[in-house]
Amino acid sequence: MVHFEEVTKCYQHTKALDHVTLDLKENKIYCLLGRNGAGKTTLLKLIAGHINASAGKVEVGGSPVSTLKMPECVNFIESRATQFNVKVERLLQTAKELDDDFDMAFAQEMLQKFQLDKKKKYNQLSFGMQTMLTTLISLASNSKVVILDEPVLGFDAIMRSQFYELLTDSFENHPRLIIVSTHLIDEIAKSAQELIIIDQGKILFQSTINDVDEKAYSITGMSKDLTPVLSGLHVIGQKTIGGFTTAYIYDKHIEIPSNLTTQPLGLQEFFINMVGGNTNEH
Amino acid sequence: MSINFNKAWAISKINFRHLKAAYIITGCLLLVGIANLILIMTAANITNGIVDPGNYAYAAAIFAPIFIPAINFKKIMHLNGKKTDFYWGALFNYVIIAAVVSFFEILLYIVTKNTCSSYGHVLDIVQAFGWFSHGIVPAFFQQFFFILLLEIFIHTLTAMQTFWFGWVTDVALVAVISVFTPIPVLRSALVWFFYMIIFNPTVMIQIISCIVLSAFLYALYLLVLKKQRI
Amino acid sequence: MNNDKPIFIKIMEMIEDNILSGVYKTDDIIISTTQISKLLSVNPTTSVKAVGNLANEGILYKRRGIGMCVASGAREKILSRRKKIFLGETVTAFWEEAQKLGITEDELIQIIRRKSNGSL
C-alpha cells in the first residue's frame, strides 16, 4: 500500500531522510518510533503528499505521491493543527462534507465516550481535548491509510488509555493501514502490531511487536561469565558497572547458565538500545 | 486535473461560512456609506462629491481573496480537504462574489443617483471606468469580469506571500508602479495595460482581456498550490 | 523459569551466586545498590530491598561509609537456605509435575540415575 524506494529528503543542509526504502503492505497498526529529529514527521508528510521528496519514489496504492495530487486515501492531520473555531458538532459536520466516507456514527460515539462537549467551540477546548478531536476526525475518516502523529500529546493517563481502546476498536471495525508516531513507547506496544524504528533519516528496524516480545531480552552477570555466552548472539547494547555486565540481546532465547540472570526487554528499552543508548556506557 | 464538482462546491460553502471578517468589514462600510447618504439627504447638504456606497461593496471582493488563501486554506486541509478541490472551490467563491458585488454595486449606484444627484455629483467606480456607456447589462458584465480578475489577482498574490517569490513580486509590483509612471515610454505601457482591462471602449475586448489575465493568474496559482506545504 | 521471578529475587540470587562461586569472598564489598539499579534498569528501591533482605538473613553486613560486605558464614547460610527451598518447593513441584504427567516413581528413579551417570 505504501512504498518508498530510495527516498531522500533534504532541508537546506540536513538530510531528513537518507535513501529510505520501506514497504507497508498489510492492514495493521504500525508504530513509528524515533528520536526527535530522526525523520518521523518527514516520513509521514511524504506519505500524505504534504511535501515532496528530493529523490526517490513515494507511492501510495500504486500511484506516485506529489504535493498537488495528494493521495485521496491518506488522512494525515497533525494533532496540533489549527481548526475552524466552531462548535465541535459543526466541525464534525464540516469534516463529513469534505469526506463522504466520514463515519459520523463512530465520531459521535467517541465524543460521548470521551465526554467531549459537542456545543463547545474548538478554541474553548483544552489542548488535550483539541488533540483528541483532531485524532478522532482522522480515525473517523475511514481512509485506507490513517496517520496519527503524536496523537496522545497532552493527554492524561485515563485519556491515553481510552485512546488506545479507541484505536483498537476503530481498527477492528475497519481494518486499514494505521501509522502511529509516538514517544510513549511502552504504552503503544499494547496496541500496535508492527514496529518501525527510524534513526538519523534511516530505517533501523522493521518487524512485528511479537518478534520483539520473543527476541528482545537482557542477560546480566559477572563480566567474565558473560562474554563466552554472548558469542554468536546479536547484541544491541551493553552496560558494564561494578564488575557486572548487562548485555542487551535481539536474538533467539538460549539456555542461560545459572550464574547469569535474564530479563525480557520492554519495547522502550529495546528502542533505546537500538538507537545507541547503551553502546558507550562503562 | 479533473474537477470534482461536489467536493469543490462543498469547499465553497465552507469558505462562505468562514468569511465573517470580510462580511463585517463590507457591512460596516456599506452602513457608513448609506448613513452618509441619509445625512446628506436630510441635511440637504450640497457637496462636491457624493460617494456611492455601492463602491464599498468592493471590500468583499478584496478581503475574501485574502482570507480564503491565508486562513481558510490550511484549516480546510486540516479537515482532509484536497488541494484540487480547494482550487476549484475557491474559484466558485470568487465567481459568486463577483456577481453579487457587481449586482449590488450597480443597484446601489442607481438608488444613489436617483435620490441624491440633486445634492451633488455622484462618485462611482463604474461611472469612472466608463462602463455605463453601453448600458446597464454590459456594465454588469464588464464589472463582473473585472472584479473576478481583481479577486484572482489578490488571491494569488496572498497565496504567494509564504514564499520568497511572493515578496519579490510585491517589490516588483511596487517598482513597476513607481518606476514606470514617471518614464514616458514605460508609462504608456502601463496606460495600455489599464486601457485593455478597464477603459477599452469595446466591451468584448475589455472582457476578454480580463478573462485572459484571470486565466493566466489562476494557472500561476496552480503552481503555487503545488508548492504549498501543509 | 528465570523470567517469572520478581526482580528483587533475581538480584538476591545474582549476589548469592557470586558468593557461592567465590567471586565475592568474606568481607568483600559487593556492587552498590545504585550500580545494581543502573545495571538492571530498575528502581533503586528494588535493589535496596534485595540487599536489605540479604542483610536480614545475615548474608551481608553494612560497613558505614563503604557499602555492603559479605558476612562470614555467608556461604553456609546461602547453601542451607537454598537447600530448604530445594527440598520444599523445587522437589514438590518436580513431584507434582511428574504426577500430572503420569510418570511413575520407578521411572523417576531411573531418570535420576541416568542424569547422574551422564546419559541424560
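## Where chain C meets chain A

In this predicted model, 16 residues of chain C are in contact with 15 residues of chain A. On the chain C side, the elements that give two or more residues to this contact are H1 and helix H2 (33-40) of chain C. H1(C) hands over the largest share, 5 residues. Sort the chain C side by class and you get 5 nonpolar, 7 polar and 4 charged residues.

## Where chain B meets chain A

Now for the other partner of chain A. Of the 2 pairs of chains that touch, chains A and B have the most contacts. Chain B puts 17 residues into its contact with chain A, and chain A puts in 19 residues. If you want to find the chain B side in the viewer, look at H1, helix H3 (58-77) and helix H9 (203-227) of chain B, the elements that give two or more residues to it. H9(B) makes the largest contribution there, 3 residues. By class, the side of chain B that touches chain A comes out as 5 nonpolar, 5 polar and 7 charged residues.

What about chain B and chain C? These two do not touch, and their nearest C-alpha atoms are 41 Å apart.

## Chain B as a whole

Chain B is built from 9 helices and 2 strands. Reading from the N terminus, the order of its elements is α-α-β-α-α-β-α-α-α-α-α.

How does its radius of gyration sit with that of a compact globule? For 230 residues, such a globule would come in near 17 Å, and chain B has 19 Å, which agrees. Along its principal axes, the C-alpha trace of chain B spans about 55 × 45 × 30 Å.

## H1 against H4 in chain B

Which residues make the contact? From H1(B) they are B:Lys7, B:Ala8, B:Trp9, B:Ile11, B:Ser12, B:Asn15 and B:Phe16. H4(B) answers with B:Asp85, B:Phe86, B:Trp88, B:Gly89, B:Ala90, B:Phe92 and B:Asn93. Split by class, the contact of H1(B) with H4(B) has 8 nonpolar, 4 polar and 2 charged residues.

## H2 against H4 in chain B

H4(B) has another packing partner to look at, helix H2 (residues 20-43) of chain B. H2(B) and H4(B) pack at an angle of about 15°, and their axes are 11 Å apart. With roughly parallel covering angles under 35 degrees, that makes H2(B) roughly parallel to H4(B). The crossing of H2(B) and H4(B) is left-handed.

To see the contact, pick out B:Leu37, B:Ile40 and B:Met41 in H2(B), which meet B:Thr112, B:Thr115 and B:Cys116 in H4(B). The residues of this contact of H2(B) with H4(B) divide into 4 nonpolar, 2 polar and no charged.

## Domains in chain A

## Domains in chain C

Chain C is divided too, into domain 1 (2-74) and domain 2 (75-116). Here the C-alpha centres of the domains of chain C lie 27 Å apart. In chain C, 8 residues of domain 1 are in contact with 5 residues of domain 2.

Which element gives the largest share of the domain 1 side? That is helix H1 (residues 7-20) of chain C, with 3 residues. H1(C) is also the element with the largest share of the side of chain C that touches chain A. By class, the side of domain 1 of chain C that touches domain 2 of chain C has 4 nonpolar, 2 polar and 2 charged residues.

How values were computed:
Residues numbered from 1 in each chain as written. Chains lettered and ligands numbered in written order. Predicted model: local features only at pLDDT ≥ 70, side-chain atom pairs only at ≥ 80, totals over all residues. Contact = placed C-beta atoms within 7 Å. Helix = DSSP H or I, 4+ residues; strand = E, 2+ residues; numbered from the N terminus. Nonpolar A, V, L, I, M, F, W, Y, C, P; charged D, E, K, R; others polar. Domains from an automatic or database assignment. Rg over C-alpha atoms; globule rule 2.2 N^0.38 Å. Axes fitted to C-alpha atoms, helices over the stretch in contact; angles between N-to-C directions. Parallel < 35°, antiparallel > 145°, perpendicular 65-115°, else oblique. Left-handed = near helix turned anticlockwise from the far one by under 90°.
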